[in-house]
Amino acid sequence: MIVETKYYKINETIKLESGRELKEVEVAYETYGELNGTKDNAILLLHALTGDAHAAGYHEGDSKPGWWDDMVGSGKAFDTDKYFVICSNMLGGCKGTTGPSSINPDTGREYGLDFPVITIEDVVKVQKKLIDFLGVKKLCVAGGSMGGMQAMEWALSYDEMVSHVIIIASTPKLSAQSIAFNAVGRNAILSDPNWNNGNYYHGEKPDKGLAIARMVGHITYLCEEAMHSKFARRFQDKDSPDFSFDIDFEVESYLAHQGKIFVDRFDANSYLYITKAVDYFDIEAKYGSLEEAFKNTHAKYLIMSFSSDWLFPTAQSKELCNALMKNKKDVSFCEIESPCGHDAFLLEYETQTNIIKSFLKEEVNE
């Protein structure tokens with residue numbers, strides 16, 4: 001499936017939760033399948049922390065598929081023979097949607113730290129503008145990790161439009177431990193001598209700091225079982241230690257590689273803004289309780305967690321389920337056994353496909 005990234009420019013000012021405003025916001029997005037006559041067969045996919053609009057298929061001349069290609073397409077979980085599937089790059093990102101690396105129309109230069117701090121609510125508000133532009137009347141929202149947070153925000157902010165909500169490996173608020181990991185990543189960037197208070201776009205970039213941030217993140221995406229299965233304590237290309245501070249172990253080499261390839265595709269300032277938006281996400285604080293937050297929603301919910309995910313553990317998904325059940329909402333829950341840690345939502349596609357197909361069966365008009 002060859003796909004093209006498209007761009008939508010919002011011709012109105014976006015007022016943010018902070019009180020600040022953004023104008024001339026552009027949104028990068030991709031679509032798969034066709035919108036039906038009643039405009040109610042749409043599914044909006046919501047990407048995780050460092051994702052983008054390219055969820056499925058291939059760009060012309062590129063051999064790398066979209067980040068959820070195993071889940072999107074003909075006969076797949078999000079079946080493009082039945083559904084009109086949409087994915088957009090989030091506000092604050094660096095893959096086509098307005099973010100800190102974009103040109104500030106007031107100055108003619110990159111925003112850098114002039115870009116306002118954003119929240120998940122702001123991200124969803126921009127997505128809503130895109131959905132309205134595409135003519136969608138009803139939709140299912142689905143996402144893993146940070147994408148699940150966006151799905152929750154959609155259900156709360158635009159209940160009249162959302163018919164189904166799929167939340168995978170996510171949480172209604174970060175734990176203190178998760179906030180701490182994000183803080184370490186941000187501090188690695190802020191401490192890089194090339195960060196230059198965010199004004200690095202025409203010089204050396206804070207690649208070392210961003211690479212370290214990514215390394216820290218990857219540790220949280222796996223789990224002890226996955227780490228042991230992949231690397232154990234094996235040495236990298238040798239049989240004994242060098243007695244130096246060079247790379248000795250395979251796991252060190254893996255993390256270094258992940259950091260290196262990440263800096264080629266992601267912006268350090270975007271990492272700062274997006275992780276802060278995730279930190280701020282707290283439904284309970286905003287509404288007083290989870291039960292109060294979801295009392296007026298009408299969507300049907302599917303919530304999935306993974307047994308080895310210690311970043312967003314099953315207990316956090318169950319907390320959300322309990323709040324929905326107390327409100328007598330239509331909610332299905334499944335904990336999937338997996339050794340893949342938090343990354344399981346990107347890897348365990350066969351099990352997820354069966355569950356999602358069952359959930360969507362006869363629910364969205366063709």
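Reader: How many disulfides does a search of the whole structure find?

Author: The search finds zero disulfides, a disulfide being a pair of cysteine sulfur atoms within 2.5 Å. This is a predicted model, in which local features need pLDDT of at least 70 and side-chain atom pairs count only at pLDDT 80 or more, while totals for chains, interfaces and linings use all residues. Residues are numbered from 1 along each chain as its sequence is written, and side-chain values use heavy atoms, without hydrogens and water.

Reader: Is Cys-87 buried or exposed?

Author: Cys-87 has 0% relative accessibility, so it counts as buried (buried means under 20% relative accessible area, exposed over 50%, partly exposed in between, with a 1.4 Å probe and protein chains only).

Reader: Turning to the sheet, what is the order of its strands?

Author: The open sheet has eight strands in the order 2-5-10-6-11-12-13-14, with mixed pairing. Strands are DSSP runs of E, at least two residues, and helices runs of H or I, at least four, numbered from the N terminus; two strands pair if DSSP finds at least two bridges between them.

Reader: Which strands stand at the edges?

Author: Strand 2 (6-9) and strand 14 (331-336) do; each has a single partner strand, so one side of each is left without a neighbour in the sheet.

Reader: In which sense do strand 6 and strand 11 pair?

Author: Strand 6 (residues 42-46) and strand 11 (residues 139-144) pair in the parallel sense, over five bridges. Ala-42 has Leu-139 of strand 11 as its bridge partner.
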